[in-house]
Amino acid sequence: MKNKKKKNRVIDPLYSSGKFHEESSKNNNDAKFKSECFTKLLFRILDKYKLKINSYTDVGCGNGQVIKLVRDSYNLKYKKKLDKICGFDIHPFIKEIRDDEITFVQNDFLESKEYFDLVTLFDVIEHVVSPIDFLKSVSEKSCFIGLHIPLDNNFNIMFRNLFR
């Protein structure tokens, strides 16, 4: 069974090679929109149910803009910093990102032994070969998962995943 799960988690070299993020500035275009929509919903849920989070990671964080904006909104709203914030991405560019409050890790999140109260997946799930298995694995490493799923259908990704 373990071998089957490993097989389903094939990571496309397009992402790990760096080609996907060569134009990192294009990923900034909607970071503010994504973070504002997400934090609006997150804060409503945290406040309504009196929930607390102490750790947060963004899986597939790209250039780190969304995680930074979510962090800033959280700090502003709750006047408190999270104990641990981490961004995971398999792209080599992530090693160049610097922030005093966020640790950026070039690694497959599922290979990590870390656990986070909140995990976000902004525009990640559509790139995963087996989304249900992936979400199950992420849920074992977190208390809450936030997803942003683009509504456009990418033929290239669907076609590539079809033959895996």
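Modeller: A charge sits over a ring if NZ of Lys or CZ of Arg is within 6 Å of the ring centre and within 35 degrees of the ring normal. This is a predicted model, where local features need pLDDT of at least 70 and side-chain atom pairs count only at pLDDT 80 or more, while totals for chains, interfaces and linings use all residues. Residues are numbered from 1 along each chain as its sequence is written, and side-chain values use heavy atoms, with hydrogens and water left out.

Colleague: Thanks! What makes K141 a charge over the ring of F109?

Modeller: The charged end of K141 is 5.3 Å from the centre of the F109 ring, so the distance meets the 6 Å limit. K84 likewise lies over the face of F116, at 4.5 Å from the ring centre.

Colleague: Why is the pair of F38 and F122 called edge-to-face?

Modeller: Rings of Phe, Tyr and Trp (its six-membered ring) pair if their centres lie within 6.5 Å; planes under 30 degrees apart are stacked, over 60 edge-to-face, and the rest tilted. F38 and F122 are 5.5 Å apart centre to centre, with 85 degrees between the planes, so the pair is edge-to-face. By this rule there are 6 aromatic pairs.

Colleague: And what makes F43 buried or exposed?

Modeller: Buried means under 20% relative accessible area, exposed over 50%, and partly exposed in between (1.4 Å probe, protein chains only). F43 has 11% relative accessibility, so F43 counts as buried. Y78, at 25%, therefore counts as partly exposed. Ring pairs link F43, Y74 and Y78 into a cluster.
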